[in-house]
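This report walks through one protein model.

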Amino acid sequence: MKTNNHNAKQAQSKTAKLKPSKEATKAKPKRVKSKPTAQVTTVAKTTATEKNSDVEVIKIAKSGLHDRNAHRGRYDFKKLVTAEPQLQSFVIKNPKGEDSINFSDPKAVKMLNKALLAAHYDIEFWDIPDTYLCPPIPGRADYVHRVAELLDGEVKGKYAHNKVRALDVGVGANCIYPIVGVTQYGWHYTGSDVDPKSIESAQAIVERNASLNGNIDLLQQTNESNIYRGIIQPNERYDVTTCNPPFHRSAEEAAMGSQRKLDNLKANQRKKGVKVHSHQVKAHQVKAHQVKASQPVLNFGGQNTELWCEGGEAVFIRKMANESQAFSAQVLWFTTLISKKDNVRPMRKQLEKLGVKAIRVVEMSQGQKVSRFIAWSYMDKAQRKSWIALK
């Protein structure tokens, strides 16, 4: 066998070769092999990352959608059209003859979301106001599944998900994270937002779906300078928080980012031979001319509070970290998505300065797209175990 030959050669060469240096004999990280359809997980654990630091930092790389994610593989358009018949008018054929939609058409994307929520989450009513953010559901769902996995890691077996209280900062008009958390895990969710119209839209979704009503509370953040303050009340405890922070620094930057996304979509469609109807192209050309307007119309929607804030993502998550310290004993795990990889290290350093005891950086890759979230806790493992026992 190959292994035996290898060992024999090593034995024969012991006296002929100099002893390898310590650097050369360092153990290489083991590769995790899995079936082609399974997700691949790579874990790197670092303790005492800085001098005088006792914070435990674990980096986790996840490849592919989570095993519990309902959106693994291609969309089943037959099932989706059955769940939401209005989707049929947006279905087109790709060059392989497979059903698809024009992903650069906001109306098609919105209708696809309605169908996905109806087919996989039993959501009977879902709608958002025009120009509001219409999220890609598979990736959003994966964030929730990974956070659930984070909680599962705290106990032997599975976490008591039916007792979980979660807080979504910036719930938006679409209410997507609470929808996934409630329907997939039985969590009780609180959603906050500074925009009253977003709260109104999310409330309509909750009230018109029996599975959500009574399991999601919505609160307007009345002070735009605050994130957790005014929302987390004294004596309230949350197992986890979620957030998809605004990542652009201005409306102009957000509009330019949307235009780049649209251009990339068009280029990809041309490469694949997907035909885009002329009226759809014209509609997006109109949007391109509105980049300089005070309220740019973005490709996949999105209001100012959803897409940008002064200083962008880096400033927002730094503020979130600083404010979280005041609620260190009330929240087991704080989490937030981070769009820009360059913002991870400064955030980690900031959290260490604030005295957190544990940090998790979870990278989620789906094809060429890589997203990530960071999670932090002010409690060490023993303290988290005691916190959970009090639930």
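## Strand pairing around β8

Strand β5 (residues 165–169) and β8 run parallel and are joined by four bridges. Two strands count as paired if DSSP finds at least two bridges between them. In this pairing, Asp168 has Thr242 of β8 as its bridge partner. Strand β9 (residues 331–337) also runs parallel to β8, with two bridges. There, Val240 is bridged to Trp333 of β9.

Strand β8 spans residues 238–243, and six of its six residues are buried, so the strand is largely enclosed by the rest of the structure. Buried means under 20% relative accessible area, exposed over 50%, and partly exposed in between (1.4 Å probe, protein chains only).

## Basis of the model

The model is predicted: local features need pLDDT of at least 70, side-chain atom pairs count only at pLDDT 80 or more, and totals for chains, interfaces and linings use all residues. Residues are numbered from 1 along each chain as its sequence is written, and side-chain values use heavy atoms, with hydrogens and water left out.

## Overall make-up

The protein has 12 helices and 11 strands. These are DSSP runs numbered from the N terminus: helices are H or I of at least four residues, strands E of at least two. Of its 391 residues, 47% count as buried.

Contact means heavy atoms within 4.5 Å. Among contacts between residues at least 6 apart in sequence, 70% join residues at least 24 apart.

## Tyr143

Tyr143 sits in helix α4 (residues 137–152). Its relative accessible area is 0%, so Tyr143 is buried. Beyond neighbours within four places in sequence, its contacts include Thr241, Thr242 and Cys243. Tyr177, Met364 and Phe373 are also among them.

## Nonpolar cores

A nonpolar core is a set of buried Ala, Val, Leu, Ile, Met, Phe, Trp, Tyr and Cys residues joined through side-chain atoms within 4.5 Å. The largest has 63 residues, and Leu87 and Trp187 touch the most other members. Helix α3 (residues 106–121) gives the most to this core, with nine residues. Apart from this core lies another, of 28 residues, including Val55 and Leu354.
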